[in-house]
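Subject: Handover of a structure and notes on it

Dear colleague,

Please find below the structure that I am handing over to you. I would be grateful if you would look at it first and then read the notes that come after it.

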Amino acid sequence: MPRPSADATFDDALRGRFVPREQFEGGEGWSGVVTPVGAPDQRLFAKILPPGTEFAEASLLASLHHPQIPRVVESGVTADGRPFFVRELVAGRPLHQAFPLTPEEAVECAEQLLEVLAYVHLRGILHLDLKPGNVVRAEGRGGPRYHLLDFGLGRRGRGRAAGGTPFFAPPETLLGLPASPRSDLFSLGAVLFVALRPPDRPLPLARFLNRFPHDDFFAALGEEPYALPAPFATILPRLLARRPEERYADAQEALEAFTGGSGRPSPEILALDPIATFGDVLLRAIADVPTDTDVVVCGGGPDDRRALALHAACALPSVQRIAVERDACRLVRGGAPVSWQVPRLALGDVAAHLERVLDLDAASAHRAADVLLSSGVDSPATLGQALRALVDAGRIVPNGVRWIWPDAIAGRVRLEPPPGPPASAAELTALAARGAVAQADAAFRAMLRVAPGRERALREAVATGYLQGGEPSKALPLVHDLPLLRAAAFLDLGRVRDAEAELAALPRAALEG
């Protein structure tokens, strides 16, 4: 709750340019509402942390230019070494004050936050503390807008998360494993679950915290997901899956689930699940290990080890945390270690997977599996990388809701490196318009790495192609500052009110042009 403040921790150097108006309770250092000297009507949010505090939030926010993420006005270090930043103050109320949401409101909230997350993840940033208190609902002419705040636990790229809020934090961060975009999806799922809950049904938090993550989310609550309203009965179990590999691949795929996307197959279905392949073998190997003995998972790729370690942690008692080491994942239980080696993939494992996900006959699958293993594939992680490279190269292509490998069907398996990115924005548009979504995604990211200053132009190019190719939900997270394209995406998705609101905000000259 805000309270009047003349707090001594508000630094004198800032006091010369900003006037503290309200201080917010909780957290380190000082945070609250300020106004610039000489502009008392301009209300901003300021945060000042203790000296020496690692402070990445201002840097993260400076990289994010989105209308539903507050803009940083100023950042730096005070004279006595305290990092600070000043950002826009969003006019609205915390999301939890709007609970419960109707199913229709919850869908709109989910779609908006997934658009924002898709953009954030595109920039290589994870939020890692998505909860109702970090979302502000602002009422506007076109309906509510949901703003994502507080990147204090955020980070660039993958890595272990620091902290997180119980109930909203996913199992991998609670157990010390590296986070990924799927971690933010779990947190969003928990937010939506709470948003839909009737006020006369309090959450059984004590039961949940005692059982999670050993049990999955719904089992820990003692509830069934089918009791949720549509579409949440089918979408929330995916968002809240205990194993990250079972969640949607990213915010874009989850957004398409809410918006009724094109039915285009996700490249993630090409990945071989290390738990399905080796999980039972691991659990049998460690079934009789004493409860005070550490278990060290070695071999395979880093993602394989992390997935299998999480699988074991959910089955074994007394696991305190999972320590990610250079070539292993250690389940810390307080004793001398016992090691288990991830097996190398066998020909039969790879062939069976190719039959299942690419609809190959047995002979073609075995020939393709032999080529892949000969090329250096030896783990679920490297098999997934090899198949994704074939998608990027246009060798494995979508066929309805499935993928097919025409060369393997014809008995001519080729493993060539993916082509370089298109030479121009126009070529990127054409690639996306042809429906080559995986190649367009890869090309867009490659071009963005080479020319980050052209981000807006590249987003416009690839989004235009997606709209031309009938992929409006794919375009949506890319056009937050491109109102004409955004309105076109909304119209293609049947969201007429949102399209009208976008167009109404444009100057007449822009519409006539």
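Predicted model: local features only at pLDDT ≥ 70, side-chain atom pairs only at ≥ 80, totals over all residues.

Residues are numbered from 1 along each chain as its sequence is written, and side-chain values use heavy atoms, with hydrogens and water left out.

Some terms are needed from the start. Helices (H or I, at least four residues) and strands (E, at least two) are DSSP runs, numbered from the N terminus. Axes are lines fitted to C-alpha atoms, for helices over the stretch in contact, and angles run from 0 to 180 degrees between N-to-C directions. Angles under 35 degrees count as roughly parallel, over 145 as roughly antiparallel, 65 to 115 as roughly perpendicular and the rest as oblique. A crossing is left-handed if the near helix is turned anticlockwise from the far one by less than a right angle, and right-handed if clockwise. Contact means heavy atoms within 4.5 Å.

**Helix packing**

Helix 5 (residues 181-195) packs against helix 8 (residues 232-239) at an angle of about 140 degrees, and their axes are 8 Å apart. The two helices are therefore oblique to each other, and their crossing is left-handed. On the side of helix 5, the contact involves Leu185, Phe186, Gly189, Leu192 and Phe193, and on the side of helix 8 it involves Phe232, Leu236 and Leu239. Sorted by class, this contact has 7 nonpolar, 1 polar and no charged residues. Here Ala, Val, Leu, Ile, Met, Phe, Trp, Tyr, Cys and Pro count as nonpolar, Asp, Glu, Lys and Arg as charged, and the others, Gly among them, as polar.

Helix 16 (residues 425-433) and helix 18 have axes 7 Å apart and pack at an angle of about 30 degrees. This angle makes helix 16 roughly parallel to helix 18, and the crossing of helix 16 and helix 18 is right-handed. The residues in contact include Ala425, Leu428 and Thr429 of helix 16 and Leu458, Ala461 and Val462 of helix 18. By class, the contact of helix 16 with helix 18 has 8 nonpolar, 4 polar and no charged residues.

Helix 18 also meets helix 20: their axes come within 11 Å and cross at roughly 25 degrees. That makes helix 18 roughly parallel to helix 20, with a left-handed crossing. Glu460, Thr464 and Leu467 of helix 18 meet Leu485, Ala488, Ala489 and Asp492 of helix 20. The residues of this contact divide into 4 nonpolar, 1 polar and 2 charged.

Which residues of helix 20 (residues 483-492) are buried? They are Leu485, Arg486, Ala487, Ala489 and Phe490. Buried means under 20% relative accessible area, exposed over 50%, and partly exposed in between (1.4 Å probe, protein chains only). The cover over these buried residues includes helix 3 (103-122), strand 10 (145-148), helix 18 (455-468), helix 19 (472-475) and helix 21 (496-504). Just after helix 20, Gly494 takes a positive phi of about 80 degrees.

**Backbone features**

Most residues other than glycine have a negative phi, and most peptide bonds are trans. Leu128, however, has a positive phi near 70 degrees. Leu128 lies in the loop between strand 8 (125-126) and strand 9 (135-138) and is buried, at 10% relative accessibility. Asp150 has a positive phi near 55 degrees and sits in the loop between strand 10 and strand 11 (155-156). Asp150 is partly exposed, with a relative accessible area of 27%.

A cis peptide bond joins Phe212 and Pro213, with omega about 10 degrees. Pro213 is in the loop between helix 6 (205-211) and helix 7 (217-221). The bond from Ala230 to Pro231 is also cis, with omega near 0 degrees, and Pro231 is in the loop between helix 7 and helix 8.

**Cysteines**

How many disulfides (pairs of cysteine sulfur atoms within 2.5 Å) does the structure hold? It holds 0. For Cys314, the nearest cysteine sulfur is that of Cys329, 13 Å away. Cys314 is buried, with a relative accessible area of 9%.

Yours sincerely

Conventions: Disulfide = S-S within 2.5 Å.
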